[in-house]
Amino acid sequence: KDNGYAQVKQPFPGDLVVYRDKDGKVSHTAIVRSGGIGSPPVVEGKWGWMGVFMHLVDESCYGKDYSFYRSKRKGHLLVGLGGKDPSPS
C-alpha cells in the first residue's frame with residue numbers, strides 16, 4: 001500500500017506476482033514478463049543462489065499461493081533504495 005500497489009485479477013507485463021507461504025507471509029516476488037487475457041502469465045524472478053528464472057506463474061519452487069499487483073509508479077525500485085522519487089519535482 002505504501003508504494004501504490006493494488007491487487008489485480010488479470011496480470012499484464014510489468015505487474016508483480018507475490019507468493020505467500022502457508023502462514024500468509026510473503027515468501028517471494030517476481031515480475032510478470034508476458035501473458036494477458038487467455039494466456040498463462042510468464043514471470044521472472046531470482047531464486048536465491050540458483051539464479052534468475054522465467055517460468056509459468058504456477059511452476060515455481062514457491063508454490064501456488066500467489067496474487068498479482070499493479071502500481072501507477074514507473075518501475076519497482078523503492079524510494080530510498082536506489083529508486084528516484086516518482087512524484088514530479
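**Aromatic pairs in an all-strand chain**

Of the 89 residues in the protein chain of this predicted model, 28% are buried.

Reader: Which secondary structure elements make up the protein chain?
Author: The chain has zero helices. From the N terminus on, its elements run β-β-β-β-β-β. The total is six strands.

Reader: How many aromatic pairs does a search of the whole structure find?
Author: A pair of aromatic rings is described by the distance of the centres and the angle of the planes. The search covers the whole structure, and the number of aromatic pairs it finds is five.

Reader: Is the pair of Tyr 19 and Tyr 62 stacked, edge-to-face or tilted?
Author: The ring centres of Tyr 19 and Tyr 62 lie 6.2 Å apart. Stacked needs planes under 30 degrees apart, and edge-to-face needs over 60. The planes here stand at 45°, so the pair is tilted.

Reader: How many residues apart in sequence are the parts that this pair of Tyr 19 and Tyr 62 ties together?
Author: Tyr 19 sits in strand E2 (residues 16–20). Tyr 62 sits in the loop between strand E5 (52–56) and strand E6 (66–71). The pair therefore ties together parts whose separation in sequence is 43 residues.

Reader: What angle lies between the planes of Tyr 66 and Phe 68?
Author: Tyr 66 and Phe 68 form an aromatic pair, 5.7 Å centre to centre. The pair is edge-to-face, which calls for an angle over 60 degrees. The angle is 70°.

Reader: Is Phe 68 buried or exposed?
Author: Buried means under 20% relative accessible area. Phe 68 has 8%, so Phe 68 is buried.

Methods. Residues are numbered from 1 along each chain as its sequence is written. This is a predicted model: local features need pLDDT of at least 70, side-chain atom pairs count only at pLDDT 80 or more; totals for chains, interfaces and linings use all residues. Side-chain values use heavy atoms; hydrogens and water are left out. Helices (H or I, at least four residues) and strands (E, at least two) are DSSP runs, numbered from the N terminus. Buried means under 20% relative accessible area, exposed over 50%, partly exposed in between (1.4 Å probe, protein chains only). Rings of Phe, Tyr and Trp (its six-membered ring) pair if their centres lie within 6.5 Å; planes under 30 degrees apart count as stacked, over 60 as edge-to-face and the rest as tilted.
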